[in-house]
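Colleague: I have the coordinates open, could you walk me through how the parts are arranged?
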Amino acid sequence: MARRTKLRKFLRFALLATLLAAAGVTLYLDFRVRHEFEGRRFALPARIFARPLELHVGLRIPLPDVVDELKQLGYRDVARPGESGWYLRDEGRLEIALRPFVFWDGAQPPRAVSVGFEGGKVSMLRDASGQDVPLARVEPLPIGGIYPAGNEDRILVRVKDVPKHLVEELIAVEDRSFYSHHGFDPRGLARAARSVFSSRVQGGSTITQQLVKNFFLTPERTIQRKATELVMAVLLEMHYEKDEILETYLNEIYFGQDRDRAIHGVGLAAQYYFAKDVQYLSVAESAMLVGMIRGPAFYDPYKHAARTLERRNLVLRETRDQGKISLEQYTTARSAPLGVTGKSGMGTSPYPAFLKLVHKQLRRDYDEKDLRSEGLRIFTTLDPRAQGAAESALTRRLAQFDKEKRFGQPGLEGAVVITDPQSGEVQAMVGGRDVRYAGYNRALDAARPVGSLLKPAIYLTALSEPSRYTLLTPIDDGPFLWKSRGAPDWEPLNYDKKFHGMVPLRLALAHSYNAAAARLGTDLGIDKVLGNLRRLGVEREVRPYASAMLGAVDLSPFEVAQMYQTIASGGFRSPLRSIREVTTQDGKPLARYPLAVEQAFPPEPVYLLAAAMQDVVREGTGQAMKSYLPPEIAVAGKTGTTDEQRDAWFAGFSGDRLAVVWVGYDDNRAARLSGSAAALPIWGDLMAALRPEPLALARPERIEMVSIDPQSGLRGGASCPGAVELPFVQGSAPRERAPCSGPLDAAVDAVNQAVGETTKRAKTFLERLFGR
Amino acid sequence: MKRLIYVLALLSGCATQPEAQREPAPPPEAQQLPAPAPERVPPPRAETTAVAGLMDSARADSAAGRLPNAAATLERALRIEPRNARLWHELAQVRFRQQNYGQAESLAVRSNTLAGSDAELRAMNQRLIDEARAAKR
């Protein structure tokens, strides 16, 4: 008796516990459904944009380059009155209907502009009424995103913006009783139950169940999971309207892959397959998308067009059979071609190397999670023209060198960085010859010996002492031997295996003499030179060995760009930046990355160095540049070649662009290509394509130009043959006159001197006036 | 006072022919280039209409206290005319008002290196540099 009571008690307890557990599970599921569905916002990737093209009179850009950018933006070359996003081209003129865009500093409405071109420049800019306008900003090119897990990409849409026929088609083939059921369909359920045991492709899920499955559950197929799915579907239906469920479904559903990017939702699918906003999809187009839901890879319109067409027509037939589209609509749609756009997919980005830099700089300030889910809009500094020029110069030349050298596979590699020399904005980055490949980014991550690219740091150190060194100071390029305890003797040779005796400083740099640079660097002090390398912006720790003077220092092309940036901007260091602004997905400003400058060197020695680097190109190791650029561009640069020609470098700048090019093998094989033979042609090609602005160095006040007789190295003048004008820090030029210089030259000098003095006095007076 | 400065600037411009010549800074030894004509007045404020427009809107932003916008607009203008010393100066002013004295000073120094013979601008830069240094202390 007692035992039976005990048993009954136990059973009652067990029953209660089971009920409680079931209620608990349901409550828990209910909580999850409500909490996650409500709180769930789709993870939206950060969207990344190039710099906007700002059209204004005087801008150096030829008409075809503007057309290229408009085409990249998807502008069509037909007039579509009343719409934006098209252009007309006519004899040196462009009519552009600019699209609206929300920029960092506010929304810009659609507007029509007329742009005239002359001599590779914008010569006229007017609005629709014929009025001159100062500026017209073209919306920036989207260049990729930072994607959530699985590289999911989507454009959110509202159900009211989705065409009715799309919804009808969806319901006709996926869930006929969607508007009447409570989350599940008993007949479908029976079918599904059978499929669990026969492990066939399961059908019969309602739209609600499909959503639950994609949203909350893992993909394994068990009875337990099916039961959970069912309960959650019913709960979802209890809490939410049909349209809310439908909207979420439309945004969630998967539509295939664009390389490594997953296309989700009808909004992005409409863009990706038809280059349209979802509301403009035709009956046939939306039927194709609906047909794809069953198996986006199986019904891939690019790979399996016939199969996809058949599937689309099935969708159309089902929809017609249920009376949701008319016979006429059906006939028209059925006879339409698939009509997908040419495959222009870019994967997660067409510019993976630059994106990597952006991502790296963003990670300093943002959570990885936020970057991948909050739909931030990132406005970057990428200049698609510069990027295009860098890509084509690099790939073309590397293919050519490979052919000439026949060194086998893997072939030569290379990297390019282009920046704006004044602001430090990164305009382009190429991380290897496979420019779309998101792997190893040599521009950022490959540290290679820089060779002679380091020499400017030595010469800058020398020129910072104008009382000891001018551009004319003789430097000894005789045999040089460096002994230091604990290290083997170091005896650098010149590239031409000769020594050149005493050479003027500027020519020692122009011809990149090693013995001269090694001697000069060690005389000045290795620590001092490396200290200046740091001030130029190289943050990497460099060991203070003498061989560092000749570039036994491993730097990435990006680091070299930072170093040369400081020289190009007259001694002002600006950290290289790839981001301008960040906004929320609806355009609210979050952060700006402002231009920052810091004076690292006084302007005079930097001016002298830059002038000497112009000589490198004019008469030194960079002479080959004359086959690429006219001499009046007067670019400044430096070649670099390392032992056995494993690395070939060229770094330099024009008035408006700075570029660094590296060429070599990943496995460090000897490339047998010098900086001037391999890196310079790439640099020359890309610069020529960009029509650079001449380099006119801003001459500091304390620099004077003095005519020098090259024979004696003394003051010359008009009467000395071959006299050259050279810059000197005031008071550092030779005082003595060359024998060839006449009395007239002396008189000219005297007048200049006197005028200079007057200026100085006037200045001091002014300065006193302002309390200095 | 402003007018006085201008007159002084004019005078100093007259006195410094080689200085004015220096303005467009032809690259040394580029003898094939025609020498620029000597200027007798300080260089005109050669902003293009694009830059002038941006400068106006930056000033409006600045006056309304929208300093980040003013700075962004000036940077936009600097991308068009990176050697416009006045733009660098105005950006220095904005940074000063944002109490970023380090940048205010650096930008004013930068402006000075591009100011050529614009004595008025040089004086304005110097004043800003002094104020920024004082504020930093």
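This is a predicted model: local features need pLDDT of at least 70, side-chain atom pairs count only at pLDDT 80 or more; totals for chains, interfaces and linings use all residues.

Colleague: Okay, into which domains is chain A divided?
Modeller: Chain A is divided into domain 1 (57-134), domain 2 (149-335), domain 3 (393-689) and domain 4 (703-769).

Colleague: And how far apart do the C-alpha centres of domain 3 and domain 4 of chain A lie?
Modeller: The C-alpha centres of domain 3 and domain 4 of chain A are 32 Å apart, and the contact draws on ten residues from domain 3 of chain A and nine residues from domain 4 of chain A.

Colleague: Which helix gives the largest share of the domain 3 side?
Modeller: That is helix α21 (residues 603-619) of chain A, which supplies four residues of the side of domain 3 that touches domain 4; by class, this side of domain 3 of chain A has seven nonpolar, two polar and one charged residues.

Colleague: Switching to strands, what joins β3 and β4 of chain A?
Modeller: Strand β3 (residues 86-90) of chain A and strand β4 (residues 93-98) of chain A run antiparallel and are joined by five bridges, with A:W86 standing opposite A:A97 in β4(A). The two strands form a hairpin with two residues between them, and A:E91 in the turn has a positive phi of about 40°.

Colleague: Which strand does β4(A) join through six bridges?
Modeller: That partner is strand β7 (residues 111-118) of chain A, which runs antiparallel to β4(A), and here A:L94 stands opposite A:V115 in β7(A).

Colleague: What is the strand order in the open sheet of three strands?
Modeller: The order is β11-β13-β12 (chain A), with mixed pairing, and the edge strands, each pairing on one side only, are β11 (152-154) and β12 (254-258) of chain A. Neighbouring strands of this sheet are turned by 35° against each other on average, direction ignored. Within it, β12(A) and strand β13 (residues 261-264) of chain A run antiparallel with three bridges between them, and A:D258 has A:R261 as its bridge partner in β13(A).

Colleague: Last topic, at what angle do α3 and α10 of chain A pack?
Modeller: Helix α3 (residues 164-174) and helix α10 (residues 305-321) of chain A pack at about 95°, with their axes 9 Å apart, which means that α3(A) is roughly perpendicular to α10(A).

Colleague: And which residues meet there?
Modeller: From α3(A), A:E168, A:E169, A:A172 and A:V173 meet A:V315, A:E318 and A:T319 in α10(A), and by class this contact has three nonpolar, one polar and three charged residues.

Key:
Residues are numbered from 1 along each chain as its sequence is written. Chains are lettered from A and ligands numbered from 1 in the order in which they are written. Axes are lines fitted to C-alpha atoms, for helices over the stretch in contact, and angles run from 0 to 180 degrees between N-to-C directions. Angles under 35 degrees count as roughly parallel, over 145 as roughly antiparallel, 65 to 115 as roughly perpendicular and the rest as oblique. Two residues are in contact if their C-beta atoms, placed from the backbone, lie within 7 Å. Ala, Val, Leu, Ile, Met, Phe, Trp, Tyr, Cys and Pro count as nonpolar, Asp, Glu, Lys and Arg as charged, and the others, Gly among them, as polar. Domain bounds come from an automatic or database domain assignment. Two strands pair if DSSP finds at least two bridges between them.
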